[in-house]
Amino acid sequence: MKQPSYFRLGLFIILAILLGAALLIGVGSGRWWQPRSTLETYFNESVKGLDIGSKVRYRGVAIGEVTAITFTYSRYQGELPAAQRQQYVLVEAQLDHAILGEPAAGESAQAQLNREISKGLRVKLSPQGLTGTSYLEIDYENPRDNPPLPIQWKPENLYIPSANSTVNQLVSSAQDLMAKMQRLDLNESIGLFNQTLRTLNTKLDQLDTANLSRQSTQLLRTVNGLPLAQIASESSALIQEVRTSNQQLGTMLADPSLQQAARHLASAAQSADRLLSGPELSQTVARLDAITARLDRLSGQREGDVQQIIDNLNATSSNLKALSEQAKQRPSSLLFDQYPPRYTPPKP
C-alpha cells in the first residue's frame, strides 16, 4: 500500500500561508507603512460611548482612530497626591500625517496647531446615531465659549484642547432650565394669575354694555348714511387729477430746456468753483489789501495838508459869500474901485 506524501502536503500549506501573507502585506502596506501622528486631548466629562478604535473625524472626514483612553494623572501626575491631581480623561489617537501637513521650515507641528487652536480648533465628543457609541470630532468652535482646560504639564504628543460635547451641552441646558424652574414660586405666580382674572372679570362687569350697544348702533347708522358713492366718485376724480399732475410733472422734467438749464447751472457752479479756488481771486484780494494799506498810510501822512485845504476852502467860501452879498447891494463895486459920485439932478 502506497504511503501518502506528507511532504508535498506540508509544502503546499506553507506556500499557501506565504502567499496569503504576501497578499495581506500588499493590500495593507499602503495603510500600515503610511506615516502617522499621535494626538492627545483631555476631557473634563464622561467619555461614555467612546472606545479604542473609535473614529476620529475632521469636519466629518475620517482621519484616524482612538488608540488609548486613560486618565491624565496616570501619565503626568502620578507622583502627586490624589487630592492634587486633575481628574481629566486622556484620549490618545493616531492621525494620518498627510492630513496635518508639513510645518514650515524651522517650525514645529505643535506651533502650527497652536495657530489653529487660537482660531477655535477643538476636539469634541459626538454621538453616532442612536447606538450609544461616540467618536471624536475635530472642528472649529467659538474660542471664548470653549477655553482650553488648565494643565500643569507639557503634553508628550501633539495636543488639541477639547470642547464640551453636544450631549453635555444639552444636559447642562436642561439642568439650568430645571434649576430656574425650581427657583420659581409657582404658588405666587398662580395667585397673581387668579387675581388678574378676577380683576378682569370685575372690569368687564362694570362695563355699560347697553350704552356700548347703542353707540355701536348709532355709529353703524352714521356710516350707512354717508354718501359712499359720492365719496368714491370724488376719490376717483382726485386720483385722476393726481395722475394727470404726475404726467405733467414728468413732461416738465423731461423738457430739454430744463435739462439744459440744469447743465448750465452745473457749468456755472463749476466756473464759480474754479474762480473761487483759483489763484487769481487770492491775488486780487491781496492787491486790494495792499492798495487799502497804501491809502491808509497816505491819509495818515497828509492829514495836516488835507486839514489846511479844508480851511482854505472854508475861507474861500466865506469870501465868495461876502462878495455875493456886496454884489447884490452894490453891483457897481464889481467894476469900479470906488463908489461913483451920487447923481444930483439939476434944478429947474
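The side chains of E65 and R36 are joined by a polar contact of 2.8 Å (N or O atoms within 3.5 Å, one able to donate a hydrogen and the other to accept it; residues adjacent in sequence count only if both atoms are side-chain atoms). E65 belongs to strand β3, residues 61-71, and counts as buried because its relative accessibility is 19% (buried is under 20%, exposed over 50%, partly exposed in between, with a 1.4 Å probe and protein chains only).

This is a predicted model, in which local features need pLDDT of at least 70 and side-chain atom pairs count only at pLDDT 80 or more, while totals for chains, interfaces and linings use all residues. Residues are numbered from 1 along each chain, and side-chain values use heavy atoms, without hydrogens or water. The chain has a mean pLDDT (predictor's confidence, 0 to 100) of 79, with 83% of residues at 70 or more.

Eight strands (DSSP E runs of at least two residues) make an open, mixed sheet ordered β7-β1-β4-β3-β2-β6-β5-β8. Strands β7 and β8 are at the edges with a single partner strand each, so one side of each has no neighbour in the sheet. Strand β1 pairs with β7 in the parallel sense over two bridges (pairing requires at least two DSSP bridges), and L39 has L158 as its bridge partner in β7.

Notes:
Helix = DSSP H or I, 4+ residues; strand = E, 2+ residues; numbered from the N terminus.
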